[in-house]
Amino acid sequence: MAEPSIPSAAISAAFPAPPPFYKSFTASNLARLSSLQDSNPSLTLLDLPPELRNLLPPPPPPSNQQYRLFGETHTTPALPPTETTTKELPNPNRLVQTTRQLLLAFLSLTNSLALDPDTWAPRWDEMKALLSEAHGIVNQYRPHQARETLVQMMEEQVERCRVETQGCKDVCERVRKVVADVEGGEGLTMSKMTPEEEEHRPNIKSKKANLGVGAAEKRVWDIIKHELGAFD
């Protein structure tokens, strides 16, 4: 019997396709599973229809039991402590002491391997116990580390907001200065005429008014160039 051919798209895809059992996680299937569990609390995996079996979580790993791996029998070790039941901070001196004891245990292990290799097991168990204790002490610092990290992130966010607010204030102040300079240049529209110019008042007045408007416009453009920089 010929084996089914695998589509080339599945081989050349950048990311693997999701497992097929993800299609079982629908709202209707979850509602059916909840209804079956309510009616029969002692429901097992084999009692469910095939489309609902993937919705049950896998059983927890066995504790202090044996299992086989690559043809060898292993014993499930006790998991190290990951959470603390008290709100007291761990003792840093105990962590330093455990680290030093771990170093001494390692030196003792190397000495045992050099002189009497058959006596390595007690030293190895001692090192594992010290590592487990140090792991538990470090894990007790996790809430403190999370709190300090959150405080640092909030301080950085507040500082960024302060810098942005100060930048907005500086821009507003520059705009006020530009408006004040433009308003101060409006007095250039007319200058006082001499008695000789009074005889030709209409023409002279019109020319000086044009000159005053041109000077005011030039002043405005000079202010804009000064604030925004030279441009073509």
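Colleague: Why is S24 called buried?

Modeller: The model is a predicted one, and in it S24 has a relative accessibility of 11%. Buried means under 20%, so S24 counts as buried.

Colleague: Where is S24 found, and which residues does S24 touch?

Modeller: S24 is in the loop between helix 1 (8-12) and helix 2 (27-39). Setting aside residues up to four places away in sequence, S24 touches N29, E51, N54 and L55.

Colleague: Why is T98 counted as buried?

Modeller: The cut-off is under 20%, and T98 has 1% relative accessibility, so T98 is buried. The residue lies in helix 3. Its contacts, leaving aside neighbours within four places in sequence, are L130, E133, A134 and I137.

Colleague: And L103, why is that residue given the label it has, buried or exposed?

Modeller: L103 has a relative accessible area of 51%. Exposed means over 50%, so L103 is exposed. L103 is placed in helix 3.

Colleague: Which nonpolar patch does L103 form on the surface, and with which residues?

Modeller: L103 forms the patch with L104, F106 and L107. Together the four have about 410 Å² of accessible area.

Colleague: What makes up the largest nonpolar core?

Modeller: Five residues: L102, A105, L109, M127 and L130. The largest share, three residues, comes from helix 3.

Colleague: What is L130 in contact with?

Modeller: Apart from neighbours within four places in sequence, L130 is in contact with T98, Q101, L102 and A105. Among them, L102 and A105 also belong to the largest nonpolar core.

Colleague: How much of the protein is buried?

Modeller: Buried residues make up 11% of the 232 residues. The accessible surface of the protein comes to about 19400 Å², and 60% of that belongs to carbon and sulfur atoms.

Colleague: What is the secondary structure, and which pattern does the protein follow along the sequence?

Modeller: There are seven helices and two strands. Along the sequence the pattern is α-α-β-β-α-α-α-α-α.

How values were computed. Residues numbered from 1 in each chain as written. Predicted model: local features only at pLDDT ≥ 70, side-chain atom pairs only at ≥ 80, totals over all residues. Heavy atoms only, no water. Helix = DSSP H or I, 4+ residues; strand = E, 2+ residues; numbered from the N terminus. Buried < 20%, exposed > 50% of the residue type's maximum accessible area, 1.4 Å probe, protein only. Contact = heavy atoms within 4.5 Å. Core = buried A, V, L, I, M, F, W, Y, C linked by side-chain atoms within 4.5 Å. Patch = residues over 30% accessible without salt bridge, like charges linked within 9 Å, V, L, I, M, F, W, Y side chains within 5 Å. Areas by Shrake-Rupley, 256 points an atom, 1.4 Å probe, with all protein chains shown as cover. Salt bridge = Lys/Arg side-chain N within 4 Å of Asp/Glu carboxyl O.
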